[in-house]
Amino acid sequence: LTDIDGRMVMEWRETCDGFIAEQRIVTNSIDETGGKSVSDISATSWEALDGSSFRFSMRQRLDNELVQEYEGSAKLDAAGGGGVAALRKPSNKQIMLPAGIVFPTAHMRNVLVTARAGRRSDSRPLFDGTSESDYYQVVTSIGAISRAPLKSLTEKNVDVDSIRKAIGDLPWWPVQISYYGKNVSEGIPEFEIAYHLYDNGASSN
């Protein structure tokens with residue numbers, strides 16, 4: 001690739017019985033020959049308030065052609081225990097989940113608890129329905145707490161008022177999360193994300 005840009009939009013809300021997350025990621029890329037392509041990923045999920053069950057759906061289109069699709073559900077036997085996931089797409093498959101595994105919202109809440117406690121790292125299995133190795137082993141690294149204003153607030157095309165309303169003068173932590181295949185927690189991860197995590201759970205790059 002010689003150039004890539006894109007946009008990610010995510011909506012997260014709490015209902016009477018769970019958390020609903022909707023996400024869309026659109027990226028435009030140009031390869032060495034000048035060829036252009038557009039990737040469009042859309043995902044929705046529901047997770048029980050107590051983190052015991054999870055439903056998900058994800059679709060990826062490349063140049064408007066469907067190339068990946070995941071759909072299914074998962075349930076844990078008890079808090080901190082293992083469970084079972086049932087995939088319907090791309091094919092019917094049952095996955096045994098190990099003790100200590102969490103779903104996406106529970107994982108992000110754990111990251112915030114870890115940061116507030118002053119700990120710098122956390123490692124645990126995570127199931128979101130999209131890993132080719134059944135589930136991920138995620139390793140989270142957390143930097144020192146800060147109250148410094150973010151540079152993004154001075155950039156053009158940024159809704160400063162909206163950002164300030166969401167984060168105010170809250171402290172934040174730099175966070176990096178590395179996603180490995182199951183039973184792996186070192187070496188080169190499958191992918192990584194990095195962001196600033198605020199004390200109310202909001203995040204910014």
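**Conventions.** I am working with a predicted model, in which local features need pLDDT of at least 70 and side-chain atom pairs count only at pLDDT 80 or more, while totals for chains, interfaces and linings use all residues. I number residues from 1 along each chain as its sequence is written, and side-chain values use heavy atoms, with hydrogens and water left out.

**Whole chain.** I looked up the secondary structure, taking helices (H or I, at least four residues) and strands (E, at least two) as DSSP runs numbered from the N terminus, and found two helices and 12 strands. From the N terminus their order is β-β-β-β-β-β-β-α-β-β-α-β-β-β. The chain is as compact as a globular protein of its length, because its radius of gyration is 18 Å, close to the 17 Å that the globule rule gives for 205 residues; the radius is taken over C-alpha atoms, and the rule is 2.2 Å times the number of residues to the power 0.38. I then checked burial, where buried means under 20% relative accessible area, exposed over 50% and partly exposed in between (1.4 Å probe, protein chains only), and noted that buried residues make up 36% of the 205 residues. For contacts, meaning heavy atoms within 4.5 Å, I noted that among those between residues at least 6 apart in sequence, 44% join residues at least 24 apart.

**Ser52.** I found Ser52 in the loop between strand 3 (36-48) and strand 4 (53-62). Leaving aside neighbours within four places in sequence, Ser52 is in contact with Ala74, Lys75, Leu76 and Phe103.

**Ala99.** I placed Ala99 in the loop between strand 7 (93-97) and helix 1 (104-116).

**Ser146.** I located Ser146 in the loop between strand 9 (136-142) and helix 2 (160-167). Ser146 counts as buried because its relative accessibility is 18%. Not counting residues up to four places away in sequence, Ser146 touches Pro171 and Trp172. I also noted that a polar atom of the Ser146 side chain lies 3.1 Å from the backbone nitrogen of Ala148.

Technical notes: Polar contact = N/O pair within 3.5 Å; in protein donor to acceptor, adjacent residues only side chain to side chain.
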